[in-house]
Amino acid sequence: MQKTTLSEFGTKLFLRALIAAALCMIVYLSFGFIFTAVGTKQAGYTVYHQEEDGTLTNMGDYYFDEISALEEEASAADETGTTAAESVYYRQAIRTEMSPFLKVISFILSEICMLGMYISMLYVSAWEQGRKNAQNDEGDGFDKWFGLRAGAFATLPLCIAWVALLMSKLGWFNPEFAGTFKLLMAPWFPIVTAMMPAAATASMAWWVPFAMLPLIALKPATTHVAYVLGANDIVLRDKILYKGKKKKKKKSRRA
């Protein structure tokens, strides 16, 4: 059987990380929609008026007690001979601010789900590779650091982006790169957004890039642990479940 090379496995991990990052953003947006619907209520509209050439003009924010006045103005315009095409209005809902408590809950739950999804996708791939390599490399000598090196290989693009973030902070690169970097750090999006809410890198504190290093290191750390466990055919799920059952059996015997 042909042996999987470091570049092949590293590329596989990188692609799985990309898929996991896309799924994480879906989870993040889903939590945002749910908590916005539950924790806020509609207070009014932002009203836009469509001009004759099709462009939209922002008419301002109108709350429920003000919208009736706007409708009266629109009716008056119709009575003076304004055509339907000239008096088309579009409304975008304005919602109240979410409470700080719900924001924290949304932050915690979304981050737990996102990290769980991200780690599990990398873990399964590295675990299976570790078991396969342990079975095929018995004669040649098993490399227990293969999972770590492959994970580091898959993290190289993110490391390059991290260097670009430092260059942006120094003024040598795109001054709005912080916004792009947040998207690249999708599995940690709530945490990264809390550390640097603005897209402008100049407003980012100097400690922020270095605080992100442990987050970036999570990928190779996960692949290393999963690879070693797979090589030893250790299934954490079974260990946890059977450990609990063994404790119950011991207690029942003593009783």
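## Close-up views of helix packing in a predicted model

**View A. Helix 4 against helix 5.** In this predicted model, helix 4 and helix 5 pack with their axes 10 Å apart and at an angle of about 160°. Because angles over 145 degrees count as roughly antiparallel, helix 4 is roughly antiparallel to helix 5. The crossing in which helix 4 passes helix 5 is left-handed, and the contact is formed by Leu158, Ala161, Trp162, Ala164, Leu165 and Ser168 of helix 4 together with Phe177, Ala178, Phe181 and Leu184 of helix 5. By class, this contact of helix 4 with helix 5 comprises 9 nonpolar residues and 1 polar residue, with no charged residues.

View B. When residues up to four places away in sequence are not counted, Phe181 touches Leu158, Ala161, Trp162, Leu165, Met196 and Met212.

**View C. The largest nonpolar core.** The largest nonpolar core has 44 residues, and those with the most contacts inside it are Phe181, Met185, Met196 and Met212. At least two residues of this core come from each of helix 1 (6–39), helix 3, helix 4 (146–169), helix 5 (177–184), helix 6 (189–195), helix 8 (213–216) and helix 9. Helix 1 gives the most to the core, namely 10 residues.

**View D. Helix 1 against helix 3.** The axes of helix 1 and helix 3 cross at roughly 160° and come within 9 Å, which makes helix 1 roughly antiparallel to helix 3. The crossing of these two helices, helix 1 and helix 3, is right-handed, and the residues of their contact divide into 21 nonpolar, 5 polar and 2 charged.

**View E. Helix 3 against helix 9.** Helix 3 (residues 100–136) and helix 9 (residues 218–231) have axes that come within 7 Å and cross at roughly 40°, which makes helix 3 oblique to helix 9. Helix 3 passes helix 9 in a right-handed crossing. On helix 3, the residues making the contact include Leu115, Tyr118, Ile119, Leu122, Tyr123, Ala126 and Trp127, while those on helix 9 include Leu218, Thr222, Thr223, Ala226, Tyr227 and Leu229. Sorted by class, the contact of helix 3 with helix 9 has 13 nonpolar, 6 polar and 2 charged residues.

How values were computed: Residues are numbered from 1 along each chain as its sequence is written. This is a predicted model: local features need pLDDT of at least 70, side-chain atom pairs count only at pLDDT 80 or more; totals for chains, interfaces and linings use all residues. Side-chain values use heavy atoms; hydrogens and water are left out. Axes are lines fitted to C-alpha atoms, for helices over the stretch in contact, and angles run from 0 to 180 degrees between N-to-C directions. Helices (H or I, at least four residues) and strands (E, at least two) are DSSP runs, numbered from the N terminus. Angles under 35 degrees count as roughly parallel, over 145 as roughly antiparallel, 65 to 115 as roughly perpendicular and the rest as oblique. A crossing is left-handed if the near helix is turned anticlockwise from the far one by less than a right angle, and right-handed if clockwise. Contact means heavy atoms within 4.5 Å. Ala, Val, Leu, Ile, Met, Phe, Trp, Tyr, Cys and Pro count as nonpolar, Asp, Glu, Lys and Arg as charged, and the others, Gly among them, as polar. A nonpolar core is a set of buried Ala, Val, Leu, Ile, Met, Phe, Trp, Tyr and Cys residues joined through side-chain atoms within 4.5 Å. Buried means under 20% relative accessible area, exposed over 50%, partly exposed in between (1.4 Å probe, protein chains only).
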